[in-house]
Amino acid sequence: TWQNVSGTISSSVNWGSNARVKVTGLLTIASGATLTIGAGSVIVVAADTEIAVNGTIATSGTVQEPVVFTSQNRTAPWGGFLFQASTSVGNFNGTIFTASGADANWFGNNASGDFYHKPQQCLFYLSNSAHVTATDCYMIENAGQLGHGEPGYLTLQRCLVQKLITGGQYNSGGVNVQDSAIIEAPYAGAPFVDADNDAFYLNGGPHSFTNTLFGWTLDDCIDAGEGTTGAVTFTGCWFESSMHEALAISSGPRYATVTDTVITNCGQAMESGYGGANIDADNCLATGNIIGARFGD
């Protein structure tokens, strides 16, 4: 039996396991309230519709019985999550997210004061230091971006991010990714356009990545540009097949530490670009790239 929901969740509610829910209009989780969704649940969100989380949303899916967020029709994507309050928290476990990102000019229409490179709507919009943690999750074939921080804190553990416009831009705050794969931006075989299709665009920091695969992007795997605070660290990572740089580090004093990492088949492996950025690479292999290491933009 499908349940239709919209409006405001003002007190905590648990939809239970194997729920079948259609979000028919803007759904808002109020500050102080928690929405809990159990394993095996399917959430179908109406076209161009958002879920605003001012409180907490928590899913308890598993790899065997995931929670799914999707649209009724893939040709009419749903919107995304809005984590816009200091009280906004997302804790997602064993969840599949697909067919989000309805608005191709969301930032122009909704967040003109933000610093952004790509205008497409994101799955997770974070501001005011909101926190989102995703574990054993799959973000696959979404029409827009993965996320945006203004600022915000995003943690991915054992996640697959595949076939999105980009992993998103994070202005300050922090991104922490472990044991994950960030691949295909926007998708393998897409016609080349020089348009900032990065796995991640990182400003400020700190940001850290451990045991993670990046690759098959039309621009950079990592573009760590504006913002001088915080370091970017990579440990035990693998970069493959970025059209431009695997690591584009710019705007000093900006520091990147790369350890026990492989970079292959990219335009450039590591670039210390404009502004005197610093890269400390130790015990790494860069092979089969057009350029191995470059100083200067």
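I began with phenylalanine 124, which counts as buried at 0% relative accessibility (buried is under 20% relative accessible area, exposed over 50%, partly exposed in between, with a 1.4 Å probe and protein chains only). The model I am reading is predicted, so local features need pLDDT of at least 70 and side-chain atom pairs count only at pLDDT 80 or more, while totals for chains, interfaces and linings use all residues. Residues are numbered from 1 along each chain as its sequence is written, and side-chain values use heavy atoms, with hydrogens and water left out.

Aromatic rings.
I looked up the partner of phenylalanine 124 and found phenylalanine 97, in an edge-to-face pair with 5.4 Å centre to centre and 80° between the planes. The rule takes rings of Phe, Tyr and Trp (its six-membered ring) with centres within 6.5 Å; planes under 30 degrees apart are stacked, over 60 edge-to-face, and the rest tilted. Phenylalanine 97 is buried too, at 0% relative accessibility. I placed phenylalanine 97 in strand S11 (residues 95-97) and phenylalanine 124 in strand S12 (residues 122-135), so the pair ties together parts 27 residues apart in sequence. Strands here are DSSP runs (E, at least two residues), numbered from the N terminus. My count of aromatic pairs came to 22.

Charge over a ring.
I noted lysine 22 over the face of tryptophan 2, at 5.4 Å from the ring centre. The criterion is NZ of Lys or CZ of Arg within 6 Å of the ring centre and within 35 degrees of the ring normal.

Cysteines.
I searched the whole structure for disulfides and found zero (a disulfide is a pair of cysteine sulfur atoms within 2.5 Å). For cysteine 159 the nearest cysteine sulfur is that of cysteine 137, 4.8 Å away. Cysteine 159 is buried, with a relative accessible area of 4%. For cysteine 266 the nearest is that of cysteine 221, at 5.4 Å. Cysteine 266 is buried at 3%.

Largest pocket.
I read about 200 Å³ of space in the largest pocket. A pocket is an open set of points on a 1 Å grid over the protein atoms alone, where a 1.4 Å probe fits, with protein on both sides within 12 Å along at least five of seven lines; lining residues have an atom within 4 Å of a point. The volume is the space filled by probe spheres set on the points, which are joined across faces, edges and corners. I listed 13 lining residues, with Trp216, Thr217, Ser241, Ser242 and Met243 nearest the centre. Strand S21 (213-217) and strand S24 (238-242) each give two or more residues to the lining.

Note on methods: Helix = DSSP H or I, 4+ residues; strand = E, 2+ residues; numbered from the N terminus.
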